[in-house]
Amino acid sequence: METVIIDKSAGIKLNDVESNVNNEQTDENKSVIPDGGYGWIVLLATFLIYAIAEGISFAFGLLFVEFLYEFNGSKSATSWVGSLFVALPLISGPVCSTLVDKYGCQKMSILGSAICALGFALSAYAKNLGLLYLTFGVLGGLARGLCYITVVVTITYWFEKRRSVALGISASGTGFGTIVFAPFTNYLLYEYGWRGTVLILGGCLAQMCVCGALMTDPKWVVEEELQKKKDSKRKEKVLETKELEELLPNKEKKEINDVPIENNVENSKKTWYRGFLRITRPLKRFALFLELHFLLLSVAVLLAGTWFLIPYFYLVDHMLENGYSEEESSSALSVIGFANIVGMVLLGWIGDRCNLSRIYGLSLILCGLSIWGMIIFTNSYILIIGCSASFGFFFSSCFALSPSLLAELVPIEKFTTAFGFVLLCEGVGHLTGPPLAGYISDISKSWSQSFCQAGLWMIVSGFSVGTISFTKNRKFFQNH
């Protein structure tokens with residue numbers, strides 16, 4: 001099954017014989033996908049990885065305050081620590097997925113967990129923000145990218161009929177981790193300071209190595225990998241020959257057909273065309289951005305990815321500046337995590353029965369209004385907790401509805417590529433959003449303007465998604 005998906009996402013068209021072989025292999029794989037059994041142990045492991053990795057990420061707001069006081073940096077400069085840690089797993093997705101495809105989920109999950117734990121351990125001894133960027137942000141973030149990819153891939157390997165349920169259970173670890181790690185991090189900061197806290201959190205990340213050890217590949221994956229190695233060279237030759245025939249003039253096509261492939265390789269013109277094809281083939285994938293509906297979704301993901309981290313990162317500091325205790329501030333993050341779990345279940349259920357783009361768009365709009373509420377009702381603890389719950393509930397749409405909507409907008413053979421682009425847009429947003437919000441706060445001397453901007457652009461992203469259901473998809477710059 002994996003071979004077919006990879007070939008389709010790259011836009012590859014094999015001859016009829018090869019297609020039939022691939023279809024037969026896919027049917028065989030589907031019949032042997034466990035859909036349970038040891039897969040439930042794997043599912044538990046992925047749930048715990050989500051809980052630890054995402055829980056620590058979304059509790060960064062508590063560490064942010066400590067980093068701010070320790071290094072006396074600006075809010076914008078300090079924000080880059082968390083921004084790198086959250087964004088790099090998404091931006092490095094193509095590289096990490098290649099490593100996972102080559103070396104397997106188990107090895108890469110263990111390696112990623114160990115490197116991430118090492119990054120946190122080194123961060124405990126950081127003397128300046130620059131070193132923290134490297135250890136906490138870059139080293140921790142890139143290593144976390146390996147874990148992020150393996151979680152999704154291994155569930156795909158073990159589940160087929162129950163895949164949506166399995167992915168939902170696994171992703172709910174995000175909310176569970178936020179509930180647990182927000183008060184836990186606050187307790188550690190009180191008892192051991194930020195350096196001891198980061199060291200202990202590194203120990204928690206090291207526990208993901210145990211989870212990674214449980215993520216063995218099912219038998220059909222092992223067998224398919226062996227077969228794929230045998231077929232890869234043959235397919236590449238077939239592909240290059242077909243594409244060369246499409247590009248070369250008729251006269252040269254005849255020459256290629258008349259001369260054996262081994263002799264054609266020596267032809268300088270054919271060699272040049274080969275190099276040209278290898279360079280330009282990946283660029284064809286970007287044609288997805290010329291489709292209206294995919295472009296609208298990408299814009300929405302970019303805007304939401306830029307601004308939805310603001311409450312996670314800065315709500316604690318905002319509440320502390322307005323006289324709330326550390327316990328009250330951390331409890332707001334726990335509320336977001338709890339509401340996030342509920343939202344994933346309910347919004348996923350509603351999304352299966354209603355128009356996805358409208359529900360997703362409405363959720364993003366209400367998410368933006370909830371962020372505004374955190375500023376408007378700052379002086380009321382009950383209302384700010386209510387806005388936190390509302391934000392957590394509707395924010396879950398980014399996990400529960402986005403993949404399903406994307407599957408409706410693009411053909412299945414383009415889904416893998418399209419999903420990679422969506423993650424890239426989200427990663428770019430994560431990288432730029434928190435530092436931008438910190439810069440706005442440095443200028444305005446409060447978080448109010450940053451939260452107002454976050455709410456505004458979340459609403460804009462909601463309208464961008466909602467527009468999909470009221471428009472007909474079209475391609476820009478299409479030749480007639």
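Q: Contact means heavy atoms within 4.5 Å, so which residues is Tyr50 in contact with, leaving aside its neighbours within four places in sequence?
A: With that cut-off, Tyr50 is in contact with Gly55, Tyr148, Val151, Val152, Ser170, Ala171, Gly173 and Thr174. Tyr50 and Thr174 are 124 residues apart in sequence, and their C-alpha atoms are 5.4 Å apart in space.

Q: How should I read the numbers here?
A: This is a predicted model, in which local features need pLDDT of at least 70 and side-chain atom pairs count only at pLDDT 80 or more, while totals for chains, interfaces and linings use all residues. Residues are numbered from 1 along each chain as its sequence is written, and side-chain values use heavy atoms, with hydrogens and water left out.

Q: Why is Tyr50 called buried?
A: Buried means under 20% relative accessible area, exposed means over 50%, and partly exposed is in between, with a 1.4 Å probe and protein chains only. Tyr50 has 13% relative accessibility, so Tyr50 counts as buried.

Q: What makes Thr46 buried?
A: The relative accessible area of Thr46 is 0%, so the residue counts as buried. Not counting residues up to four places away in sequence, Thr46 touches Val151, Thr154, Ile155 and Ser170. Thr46 lies in helix α3, and Tyr50 lies in helix α3 too.

Q: How do you know how many helices and strands the protein chain has?
A: Helices (H or I, at least four residues) and strands (E, at least two) are DSSP runs, numbered from the N terminus. By that rule the protein chain has 24 helices and zero strands.

Q: Why is Asn72 called exposed?
A: Asn72 has a relative accessible area of 66%, so it counts as exposed. Asn72 lies in the loop between α4 and α5 (75-91), and its phi is near 55°, a positive value in a residue other than glycine.

Q: What makes Lys445 exposed?
A: Lys445 has 68% relative accessibility, so it counts as exposed. Lys445 sits in the loop between α23 (415-444) and α24 (448-466), with a positive phi of about 65° although it is not a glycine.

Q: What makes a space a cavity, and how many of 30 Å³ or more are there?
A: On a 1 Å grid over the protein atoms alone, a cavity is a set of points where a 1.4 Å probe fits but cannot get out, and lining residues have an atom within 4 Å of a point. Grid points are joined across faces, edges and corners, and a volume is the space filled by probe spheres set on the points. The count comes to two cavities of 30 Å³ or more.

Q: How do you know what kinds of residue line the largest cavity?
A: Ala, Val, Leu, Ile, Met, Phe, Trp, Tyr, Cys and Pro count as nonpolar, Asp, Glu, Lys and Arg as charged, and the others, Gly among them, as polar. The lining of the largest cavity divides into five nonpolar, two polar and two charged residues. The largest cavity has a volume of about 70 Å³, and α4 gives the most to its lining, with three residues.

Q: Which residues line the second largest cavity?
A: Ile49, Tyr50, Ala53, Glu54, Arg144, Cys147, Tyr148 and Val151 line this cavity. The elements that give two or more residues to this lining are α3 (39-58) and α8 (129-158). By class, the lining of the second largest cavity has six nonpolar, no polar and two charged residues, and the volume is about 60 Å³.

Notes: On a 1 Å grid over the protein atoms alone, a cavity is a set of points where a 1.4 Å probe fits but cannot get out, and a pocket is an open set with protein on both sides within 12 Å along at least five of seven lines; lining residues have an atom within 4 Å of a point. Contact means heavy atoms within 4.5 Å.
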